[in-house]
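Hi,

Here's the structure I promised to pass along. Have a look at it first, and then read on for what turned up.

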Amino acid sequence: MSSGPDAEPYPPATTPEELDHLAQVIKDWAIGNGFAVRTPPTMIPPEADPATITAVPAPVTLFPTAFPRQAFLQGQKAQKAYNELVIDGDDFVRDLWAVHETVKSEGYTQPLSLGLFRSDYMVHEDKSSVPPTAQAKQVEFNTIAASFGGLSVHASKLHNFLAKSEYPLLRDSLAQGVLDLPANDTIEGLAGGIEAAYHAYGVSELGHTKCVIFLVQGDERNVFDQRHLEYQISKSSPTMSVFRLAFNDIIKHTSISEGPKRQLLYALPWNQNKVFEVAVVYMRGGYGPDDYPTQQTWDARRHIERSHAIKCPTVLTQVAGIKKVQQVLATPRPSSEPSILSQFIKDDTGSAVALWNTFTNIYPMDTSAVGLEARKKALDPEQCVDYVLKPQREGGGNNIYGSAIPRFLKTVPEIHWNSYILMELIKPPAENNFILRNGNIEHGRVISELGIYGTCLWNQTTGEIIRNERAGWLLRTKGEESQEGGVAAGYGCMDSVSLT
């Protein structure tokens with residue numbers, strides 16, 4: 001698809017009848033292929049669906065969104081370097097660290113650690129060159145519950161299906177092959193990381209069958225996204241058993257053996273006589289304070305952490321994903337001093353260059369000289385509009401944008417400001433598209449966020465990297481005026497890439 005001045009408008013002009021037809025095709029394809037989420041309570045109240053049997057198509061664009069090839073490839077290139085960059089406030093981070101300190105005092109028994117990561121980018125137009133060049137600038141790096149890998153593949157499959165069967169039939173048709181739709185192998189890539197950890201765990205010394213546990217939130221709506229990974233793992237030969245366990249039920253259904261290795265054992269809730277040894281715990285819950293409402297839930301996290309199961313992630317890896325770590329690594333240093341990043345990846349290597357090219361300006365909000373300058377920017381009514389204030393949280397809906405920053409800071413005791421970072425807003429160019437959400441079509445200017453997945457299996461004791469692979473990609477799209485991008489949180493939608 002051409003993007004030059006003489007290029008045809010994209011998406012093509014469509015009639016109301018064509019839009020209605022596309023919407024119906026997408027709704028049927030989505031349910032028929034598991035491109036769905038549990039029905040939100042705003043559509044069907046829980047009392048009307050007590051058995052939770054209903055689902056709706058995942059929100060998605062009607063057309064794949066145009067995305068610069070250069071920025072897409074840049075994000076791909078940097079991912080393996082980001083995988084290696086897993087390094088050894090606020091109350092939540094403090095409590096996570098306390099779990100690590102407690103287990104460390106007892107002694108870890110499992111040196112292997114698994115990461116299923118996602119690095120998120122937005123396109124930044126560098127206008128210092130002629131013509132302007134598109135650059136991928138990092139929004140954040142996710143080390144826990146890096147979601148939508150399963151649905152991202154199905155968004156790509158959906159748009160590929162439409163490109164072959166429906167777009168050529170439009171009044172302003174798009175011929176087959178005119179869109180450059182890259183392959184997406186995220187499901188196989190993420191499942192491959194879990195399978196590698198499962199085999200690296202070794203044979204059960206207690207004589208049990210091994211298994212993988214997906215730790216999930218009890219009221220999870222994004223269940224099908226996770227199921228696609230489970231189904232892929234179940235295709236392995238020999239078969240690997242995969243079970244879902246609600247975060248609140250960890251203590252109820254698992255126990256730790258009395259031996260020195262502290263193997264984690266899982267008894268089937270419906271057959272207590274059937275006991276598995278847990279080789280891998282993949283956490284899709286436990287990433288935010290809402291998952292730890294009581295001391296019992298913190299005890300459960302410590303229970304998992306002190307076991308011999310390979311964790312994805314460990315507490316240390318989860319802490320490595322906090323925004324403060326991102327800020328410390330991305331903060332420039334005077335040319336006469338080495339950067340913090342150089343302590344992990346040498347400044348003059350290709351990996352370091354790939355990382356620096358994705359960094360945007362991020363500042364601490366502490367009382368250092370740089371932090372005090374950032375506080376001035378955050379409180380200034382004119383300067384603050386170019387920034388976003390971020391807490392140490394995963395998921396959508398937590399950030400404070402632009403003119404709202406000074407007001408917000410006045411509600412937070414100044415002693416807590418240092419748990420935030422101030423990040424320069426990335427302002428990507430907007431594209432046109434349609435979004436199908438809960439049966440309704442929205443049309444307008446949209447901006448997109450590219451996620452690049454990676455898997456890494458390493459030995460935390462020796463530093464040996466056993467596996468380091470890219471694992472597919474994700475595109476999330478939202479209205480140009482929306483400030484949050486979380487699909488599950490109701491801000492964004494699923495999408496795929498049409499390279500330009």
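A quick cut-off before the details: a residue counts as buried when its relative accessible area is under 20%. Keep in mind that this is a predicted model.

Cysteines first. Cys 493 has 0% relative accessibility, so it falls in the buried class. Cys 211 is buried too, with a relative accessible area of 0%. As for disulfides, a search through the whole structure comes back with zero.

Next, the annotated site. The UniProt record, an unreviewed entry, puts a "binding site" feature at Glu 140, Asn 142 and Glu 394. Glu 140 sits in strand E6, which covers residues 133–142, and Asn 142 belongs to strand E6 as well. Are these two buried or exposed? Glu 140 has a relative accessible area of 14%, so it is buried. Asn 142 comes out at 5%, which means it is buried as well.

Then there's strand E17, residues 431–437. Five of its seven residues are buried, so the strand is largely enclosed by the rest of the structure. E17 has these pairings:

- Strand E3 (residues 60–61) runs antiparallel to E17, and two bridges join them. Thr 61 has Ile 435 of E17 as its bridge partner.
- Strand E18 (residues 440–459) is also antiparallel to E17, with seven bridges between them. Here Asn 433 is bridged to Gly 444 in E18.

E17 and E18 form a hairpin with two residues between the strands, and Asn 438 in that hairpin adopts a positive phi near 50°.

Cheers

Key: Residues numbered from 1 in each chain as written. Predicted model: local features only at pLDDT ≥ 70, side-chain atom pairs only at ≥ 80, totals over all residues. Heavy atoms only, no water. UniProt positions renumbered as here; feature names shortened; annotations may be inferred. Helix = DSSP H or I, 4+ residues; strand = E, 2+ residues; numbered from the N terminus. Buried < 20%, exposed > 50% of the residue type's maximum accessible area, 1.4 Å probe, protein only. Disulfide = S-S within 2.5 Å. Pairing = 2+ DSSP bridges.
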